[in-house]
Amino acid sequence: MKAPQSFKDRFAKDHLVQIYTDRIVKSAAIGIDRVRASRLGDNLSDEISLIHSRVHGGIYKFTAYKEKLISKGAQSSPRQISIPTVRDRITLRALCECLGDIYPEAKLKLPHNVIDALKAEVTTGTYAEFAKIDLQKFYPSIPHKLVLSSTWSRIRKREIRSLIDKAISTPTVPGSRGSSNVAKNERGVPQGLAISNLLAEISMLEVDKEFCSISGIWYCRYVDDILILAPHGKAEGAAREIILRLKRMGLTAHPPGPSSKTRIGPLTEQFSFLGYLIDNGQVSIRRESVLRFESSIAKILTAYKHKTSSITNAKEHERALAYCRWKINLRITGCTFNGKRLGWVAYFSQITTTSQLRSIGWTISKLLARFKLDGRIKPKSLIKTYYELTSRSIDSSSYIPNFDALTISQKRDRLAMWIGDRVNALSDERVERLLAIKITRAVRDLETDIAQSS
């Protein structure tokens with residue numbers, strides 16, 4: 001779609017209202033102005049009119065993003081996530097849809113499809129070597145010049161260009177500091193915005209096109225991970241060429257080495273990609289990913305133990321147990337939410353052996369026994385989850401919870417795990433909004449497990 005038509009459609013007042021209703025209103029995220037998404041509805045018409053007039057006038061300005069830091073472990077700096085205000089989230093979502101219309105090929109591929117293609121390639125016998133290249137601090141290091149030149153190649157409309165420029169230069173600040181007298185962001189794409197992934201992908205389109213067209217090698221990039229399969233003696237040269245090309249773009253790859261994230265070796269040597277372990281054509285889950293998943297189950301049980309240590313009321317104790325059971329099973333099965341299959345097993349459904357899933361199931365049983373819950377919690381099965389995921393459509397499995405299909409009565413039952421009998425006094429609308437917030441947070445935990453795995 002041409003940029004002017006997309007801009008007209010996506011930034012129409014009716015569509016901005018639809019974005020708020022469909023994508024924003026139930027969110028619990030709060031920007032630096034401390035305004036909740038639900039409260040914007042009290043003054044929605046005025047807010048939409050303000051967005052519309054300022055965007056179409058080319059004078060829209062984003063409020064500073066609120067900083068959220070996510071730990072990546074003791075050896076790494078935390079990941080900085082940028083949280084916009086509610087008004088800016090509506091604007092950024094409309095801009096994201098606009099960019100998707102103009103650059104449809106830049107939408108991020110599903111990891112399943114990437115691993116599926118990799119499995120097919122490693123078994124052809126065409127390739128003898130691999131090169132795995134990891135970019136350093138990918139999002140924070142993308143030069144603004146690269147983002148702007150890449151997006152403006154198809155976008156002439158001044159209003160869209162202005163929004164892109166202002167969105168990436170708006171600073172991210174701690175919520176306690178405020179946004180006054182803060183310097184503009186001079187480099188990098190803020191993570192956590194609706195447009196973050198698309199802008200990063202658009203910035204890499206040309207280099208992807210260039211290396212995908214090289215005959216004799218297989219090239220794949222997923223966010224900041226690049227993988228090349230090559231014939232004997234060709235992988236090192238191809239990797240060197242890609243690293244130099246990235247350097248000219250202003251991006252830096254980890255230098256190759258035995259202990260580096262960038263590695264070159266024969267295909268007979270095992271290597272990891274997107275959290276999977278590739279070993280002589282067999283695809284399994286990295287040991288680190290398995291340990292993190294087992295640790296997430298242990299944390300749920302530990303939280304339950306601490307919670308119940310101060311509870312004397314039998315009803316409250318039973319509610320805590322129900323919540324613990326629900327969280328463990330959600331970790332195991334994942335769920336369907338907003339039309340998507342989510343969860344750890346869903347992410348790793350491209351494995352060629354289920355032995356690790358059986359081993360994890362055994363570990364979960366041991367953990368439940370250690371916490372004296374083996375008779376009170378009967379966890380769902382990772383193996384059954386795997387077969388449900390690989391043999392059924394998104395709507396046909398009753399084993400994996402579908403939060404999009406809950407009745408209002410079922411929603412009340414779910415919400416009661418958090419707030420108890422108080423749920424009976426709430427309106428249906430309030431129940432739906434509160435449960436959506438709780439489910440969104442739970443789903444974010446599932447996504448965190450996966451992000452740490454890849």
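Biologist: What should I know about the source before we start?
Modeller: This is a predicted model, where local features need pLDDT of at least 70, side-chain atom pairs count only at pLDDT 80 or more, and totals for chains, interfaces and linings use all residues. Residues are numbered from 1 along each chain as its sequence is written, and side-chain values use heavy atoms, with hydrogens and water left out.

Biologist: Why is E294 called buried?
Modeller: Buried means under 20% relative accessible area, exposed means over 50%, and partly exposed lies in between, with a 1.4 Å probe and protein chains only. E294 has 12% relative accessibility, so it counts as buried.

Biologist: Where does E294 sit, and how do you know that?
Modeller: E294 is in helix α12, residues 287-308. Helices are DSSP runs of H or I with at least four residues, strands are runs of E with at least two, and both are numbered from the N terminus.

Biologist: Which residues is E294 in contact with, neighbours within four places in sequence left aside?
Modeller: I360, T363 and L367. Contact means heavy atoms within 4.5 Å.

Biologist: A298 lies in helix α12 too. What makes A298 partly exposed?
Modeller: Its relative accessibility is 21%, so A298 counts as partly exposed. Leaving aside neighbours within four places in sequence, A298 touches L367 and F371.

Biologist: Why is T333 called buried?
Modeller: T333 has 2% relative accessibility, so the label is buried. T333 lies in helix α13, residues 314-333. Beyond its neighbours within four places in sequence, T333 is in contact with L342, K380, T385, Y399, I400 and P401.

Biologist: What label does G216 get, and why?
Modeller: G216 has a relative accessible area of 41%, so it is partly exposed. G216 is found in the loop between α10 (196-212) and β5 (218-222). Its contacts, apart from neighbours within four places in sequence, are Y127, L229, A230 and P231.

Biologist: Why is the pair E97 and R10 called a salt bridge?
Modeller: A salt bridge is a side-chain nitrogen of Lys or Arg within 4 Å of a carboxyl oxygen of Asp or Glu. The closest N and O atoms of E97 and R10 are 3.3 Å apart, so the pair meets the definition. It links distant parts of the chain: E97 is in helix α5 (residues 86-102), R10 in helix α1 (residues 3-10), 87 residues apart.

Biologist: What labels do E97 and R10 get?
Modeller: E97 has 19% relative accessibility, so it counts as buried. R10 has 22%, so it counts as partly exposed.

Biologist: How many salt bridges are found in the whole structure?
Modeller: The search finds 16. Among them, R263 and E269 meet at 2.4 Å, N to O. E159 and R158 meet at 3.8 Å, N to O. E159 has 12% relative accessibility, so it counts as buried. Salt bridges that share partners join R10, E97 and D101 into one network.

Biologist: What makes R36, R39, K68, R430, R441 and R444 a patch of positive charge?
Modeller: Lys and Arg count as positive, Asp and Glu as negative, while His and the chain ends are not counted. Patch residues have over 30% relative accessible area and no salt bridge; like charges are joined within 9 Å, and nonpolar side chains (Val, Leu, Ile, Met, Phe, Trp, Tyr) within 5 Å. Those six gather on the surface.

Biologist: Which helix gives the largest share of the positive patch?
Modeller: Helix α18, residues 428-453, with 3 residues.

Biologist: Why is R39 called exposed?
Modeller: R39 has 54% relative accessibility, so it counts as exposed. R39 lies in helix α3, residues 37-40.

Definitions and conventions. Areas by Shrake-Rupley, 256 points an atom, 1.4 Å probe, with all protein chains shown as cover. Charge placed at Lys NZ, Arg CZ, Asp CG, Glu CD.
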